[in-house]
Amino acid sequence: MTSAHSDLPPVTVRVPGKLNLELLVGPLRADGFHALSTVYQAVSVHDDVTVAPADEWGVSVYGDHAEGVPLDEDNLALRAARLVAGLAGDPGPVHISIRKGIPVAGGMAGGSADAAATLVACDHLWDLGMSREGLERVGAELGSDVPFLISGGTAMGSGRGELLAPVLARGSYHWVFALGPGGLSTPSVYAECDRLRGSSPVPDPVPNAELMSALRSGDPHILAPHLVNDLQDAAVSLMPRLGDVLEAGMEYGALAGLVSGSGPTVAFLVEEVEAGIDLAVALTASGVVTDVRRATGPVHGAHLIPAPVD
Ligand code: C5P
């Protein structure tokens, strides 16, 4: 078994980042998670994850955003590979190489994306033939956003974000993402959200039907007023400069701006490609951000690609 395993060719999977078009945060549950109602969109900012048979378990990370990714057993991709290996009858260790394009600790689910990619890659490497639903179930054990990044597109998330339902969305939207400096930890942003809300009871989150019909229109002008993130005030409270970034983006022509997930990346919706280029240039020149990325969404979730040539 071991020699067959070590002869298997490496598998590479490309996986997108995400933003939340709507992130409604409900009450804190007994398990420490918050009840969510969210609408995810996968966007064309990618990580490439290569899984190869190896003598020992390991992970390495490359790219502009590599710093800050844990390389020990806390690494979500490594945990994903070990979980699938357990299901496959422990075929042997793998090494995981991650080429980062998704900002680290940015609120775009980079760690969850790598876990989603690793699940898909390991399923292929060991020829397990797992169903999409089976992969999503394993993904949910690793993180609330992992199931969505396996399927991608635009989808509604409930529960703690892991229960998915399809959303009918037309067209392609253009985004500009304002990055850094610094990152925010997801648990501390949720904790700040609770602190700001105080002791008053929080209702269960209810998805906004107007957002759903805006997505069916395919028109960014109609979508813009419905973008909402209940974690935004908490992210701005922990990192006040995000208020300046949001203000600058709107001043330079964005249709809407919102903190992406738990932040600190800020997502701006623009009308079309040219408007995105103009906004990216203006934000960079203003000095309120360290980096910008342009992207479109929705895009596909984790999918196999030919091995990268370096
Ligand atoms: O599921 P994930 O690993 O992304 O969650 C990271 C942390 O974010 C959780 O440990 C929890 O503190 C917070 N969280 C939450 N409610 C959710 C999702 C995440 O409180 N629905």
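Predicted model: local features only at pLDDT ≥ 70, side-chain atom pairs only at ≥ 80, totals over all residues.
At 44% relative accessibility, G86 counts as partly exposed, given that buried means under 20% relative accessible area, exposed over 50% and partly exposed in between, with a 1.4 Å probe and protein chains only. G86 sits in helix α2, where helices are DSSP runs of H or I with at least four residues, strands are runs of E with at least two, and both are numbered from the N terminus.

Residues are numbered from 1 along each chain as its sequence is written, and side-chain values use heavy atoms, with hydrogens and water left out.

Now to the helix packing. Helix α2, residues 76–87, packs with helix α4, residues 132–142, at an angle of about 135°, with the axes 10 Å apart; axes here are lines fitted to C-alpha atoms, for helices over the stretch in contact, and angles run from 0 to 180 degrees between N-to-C directions. The two helices are therefore oblique to each other, since angles under 35 degrees count as roughly parallel, over 145 as roughly antiparallel, 65 to 115 as roughly perpendicular and the rest as oblique. On the α2 side the contact (heavy atoms within 4.5 Å) is made by L76, R79, A80, L83 and L87, and on the α4 side by V138, E141 and L142.

Helix α3, residues 110–125, also packs with α4, at an angle of about 140° and with the axes 10 Å apart, which makes α3 oblique to α4. This contact is made by A115, L119, V120 and D123 of α3 together with L135, V138, G139 and L142 of α4.

Finally, the aromatic rings: how many aromatic pairs does the structure hold? The structure holds one, where rings of Phe, Tyr and Trp (its six-membered ring) pair if their centres lie within 6.5 Å, and planes under 30 degrees apart count as stacked, over 60 as edge-to-face and the rest as tilted. Y40 and F148 form this stacked pair, at 4.5 Å centre to centre and 10° between the planes. The pair links distant parts of the chain, 108 residues apart, with Y40 in strand β2 (residues 34–53) and F148 in helix α5 (residues 146–151). Both Y40 and F148 are buried.
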